[in-house]
Amino acid sequence: MLKMGYSKDFPLNSTREEMRRMKSMFMVLLTAILGMMTVLSGCNASQEQTPTVEPLPVIELRVAGYKSGSEIGAIPELNERFMKENPNIKVIYDGMPGVQFSKQLRNQFAMNEAPDVIMLHPGLDEVGGYSKAGFIRDLSDEPWISKFTPWAIEGVSIDGKVYGTPNEMVVLGVYYNKELFKKHSLRIPTNWDEFVEVCAKLKSSGLTPISIGNNDGWMTLAALYAMGASLIKDPDFDKKLNARQIKFNGTWNEMVQMWYDLEDKGYLTPNSTEVSMDQAQKYFMDGKAGMLINGSWALPGLMKSNPDLELGMFALPANPPGERTVVTAAVGTTWTISSKTKQLEAARKYLAFWSTGQTLRQWAISQASFLTLNNVESGALAELHEISRSLETGSTREFLSNRWETSGFYVTEEMMESAQGVYLKALTIEQMLTNMDNTWDNYNQQEGNSSADDNGY
C-alpha cells in the first residue's frame, strides 16, 4: 500500500515559512489595491462635487440709428466685433433713413418703447430736446470723455452735461465729377456767381448740373445748410432766433430764393420731389450730372457704386465775390443711452467700445469723415483734399439747426415738407418760411403748457 507523507528533501518547516511569506506579500498587495481604490474613489467624488459653470445669459441690446442703406458704413462690422468681444451681449440694430427714423423714435419714446442705445444728431435740436425731456441719460461721468477733443465734446454737450459720444466730424459740400469738369474746362467755383456759371455750362452740354432727390426734402435741407454757412454772418444769429427777435421769414428769404433760382433755370433734377436720395446719387455716379450736394459721410457709398469714377468735393460757395467760403462742419453722429433702458451696463460697454481708436478709425473711414480723438490726425481721403484745405485755411459753421433752442424735429420737418411745396408751386418762399416760424412758435406755446415729461416729443 502506498503511504502518503513528506519527503525528506522538502522539510515541513520550509513549507510553512514559504506560506507565511506569501501571505504577507498578499496582504501588502491587497492594502495597495485598497489604497488606490480609495484615491480613485476620492477623485471621482471630487469631480462629481465640482459645480458646473453655467454660461452667462445673453442680453439683447437694442441699438437704433438713422444710418442705413448706402450710408450704414461700418456699423454691421463693428457690431460683430463688439459681440465677439462681449459674447453675452447680442446687438440688434435697427436703421432707417433720417426722417422716418425721427418720426419712429418720437413714437417709441411716447410709448416707452425706445431702444437702449440711440443715434442722434448733436446740438440743441435733437440731443438738446431729448435731454430736456429726460429721455436720454447724462453721461458726464463716463471715463471715455477725456479721449475726445474739447470741441467734439462741446458738440454733444447741453448746459455743461455730456449726453453722447462724438463719433466723427463731418462736412457738407458739393461732390463733382472731375472727368466732366476737365472735359468741359470747368474750374472749382469760389463764389456764387462762378457756381451758377458752372451750372449753366453743364446744362448747355446736355448734362444735369445738380442731381438732387426731394421725395422727403432732406437734400434741400442739406443744400440750404451748406449755403447758410457763408450767408449767415451775424455771430448772434442763433441767439436772436431763439429769443424770437428775428424769424426765418425776413432773414432766410434771399438765401432760399438763391436756391430756387437754380430750380427755375433748370439746373436741378426735374420733378425732384418724385426722386429719392439714392436715385439722385446713382444718377450722379452714372455720369449724367456734374454735381451732387451731400455730406462727406456719403462718399464711401458713392465710391462703392462706381469705383472708377473720379470724384472731388468742395464747399458750396454761396458767398459773393471777394468773400471767403465758410465750410459747414460739425460732429456728425452721437450715440446716446435711453434713460429708461433696462440694459444700462451693456449700453455703457457699447459706448465705451465706440470711444476707442480702433473703432473710430474704422467708422471714420467708412463715413469719409474726420476723427474727433485727442492728439490723433485724420488722414483725409484723396476725394476730400479740396474741402480739407478749406477746413484748414478757412472758417467753419455748425449745421444751422444745431443751436436752435426748440424742437428741431418739428421745424426741420416743416422746412423739408414746405420745401417740397415750393418745388410743386403750391407754396411761395414766404409761405414756406412763415410755416417754419409758425411751427416754432406753436411748439414753444405747447411746451409752455406742458410738463417736462410731456413736451411734444
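The structure is a predicted model, in which local features need pLDDT of at least 70, side-chain atom pairs count only at pLDDT 80 or more, and totals for chains, interfaces and linings use all residues. Residues are numbered from 1 along each chain as its sequence is written, and side-chain values use heavy atoms, leaving out hydrogens and water.

**The sheet**

- Five strands form an open sheet with mixed pairing, in the order β2-β1-β3-β12-β6; strands are DSSP runs of E of at least two residues, helices runs of H or I of at least four, both numbered from the N terminus, and two strands pair if DSSP finds at least two bridges between them.
- β2 (89–95) and β6 (165–166) stand at the edges with a single partner strand each, so one side of each has no neighbour in the sheet.
- Strand β1 (residues 59–65) runs parallel to β2 and is joined to it by 7 bridges.
- Within this pairing, Arg62 stands opposite Ile92 in β2.

**The loop residue Gly160**

- Gly160 lies in the loop between β4 (157–158) and β5 (161–162).
- Gly160 counts as exposed because its relative accessibility is 71%; exposed means over 50% relative accessible area, buried under 20% and partly exposed in between, with a 1.4 Å probe and protein chains only.
- Gly160 and Ser140 are 20 residues apart in sequence, and their C-alpha atoms are 8.6 Å apart in space.
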